[in-house]
Amino acid sequence: MTARFNAISLIVSDMAASVAFYRRLGFAFPEGSEGSDGSEGQPHAEAELPGGIRLLLDTEESIRSFTPGWQPPAGGGRHSLALLCDTPAEVDAFYAELTGAGCKGEREPWDAPWGQRYAVLGDPDGHGVDLFAPLAAQERE
């Protein structure tokens with residue numbers, strides 16, 4: 001028997017806000033995931049990613065339904081999602097678009113010493129979302 005990596009799961013406090021955020025990033029969540037009738041949305045939503053991997057969102061209430069007493073961890077997160085952009089300019093433009101729309105900017109775009117244009121956003125629950133693109137060789141020198 002072999003286990004295969006299939007999904008990334010995030011616990012969220014506000015399904016509607018999280019679905020809206022990840023849709024802005026290009027994730028295709030089904031309509032109604034956020035609660036089309038003004039409700040708080042579904043307790044679980046998923047978007048299929050290229051290669052068959054899925055991004056899963058589960059509400060805190062959903063987690064408590066099978067783990068009573070669960071509480072969100074205190075302090076900063078220990079994970080982030082990293083999204084590859086086509087060019088360094090796209091990192092800048094995407095970051096500006098998202099922060100201009102009210103998304104939380106954690107770190108403005110910069111040329112990282114490891115050879116990438118990099119920026120960091122926070123989703124509605126503080127999960128890190130990194131935007132990056134390779135720098136051209138002359139930009140690193």
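1. Confidence by element: in this predicted model, the lowest mean pLDDT among the elements of the protein chain belongs to helix α4 (residues 137–140), at 54.

2. Confidence overall: averaged over the protein chain, pLDDT comes to 87. A value of 70 or more is reached by 89% of the residues.

3. Ser 18: have a look at helix α1, which spans residues 15–24 and includes Ser 18. The relative accessibility of Ser 18 is 0%, so this residue counts as buried. Setting aside neighbours within four places in sequence, the contacts of Ser 18 are Val 12, Leu 57, Pro 124 and Asp 125.

4. Glu 60: this residue belongs to helix α2, which covers residues 60–66. Glu 60 is buried because its relative accessible area, 16%, falls under the 20% cut-off. Residues up to four places away in sequence are not counted here, and Glu 60 then touches Ile 11, Val 12 and Ser 13, along with Trp 70 and Pro 72.

5. Cysteines: how many disulfides does the structure hold? The count is zero. As for Cys 85, its relative accessible area is 5%, so Cys 85 is buried. Cys 103 is buried as well, with a value of 13%.

Terms used:
Residues are numbered from 1 along each chain as its sequence is written. This is a predicted model: local features need pLDDT of at least 70, side-chain atom pairs count only at pLDDT 80 or more; totals for chains, interfaces and linings use all residues. Side-chain values use heavy atoms; hydrogens and water are left out. Helices (H or I, at least four residues) and strands (E, at least two) are DSSP runs, numbered from the N terminus. Buried means under 20% relative accessible area, exposed over 50%, partly exposed in between (1.4 Å probe, protein chains only). Contact means heavy atoms within 4.5 Å. pLDDT is the predictor's confidence in each residue, from 0 to 100. A disulfide is a pair of cysteine sulfur atoms within 2.5 Å.
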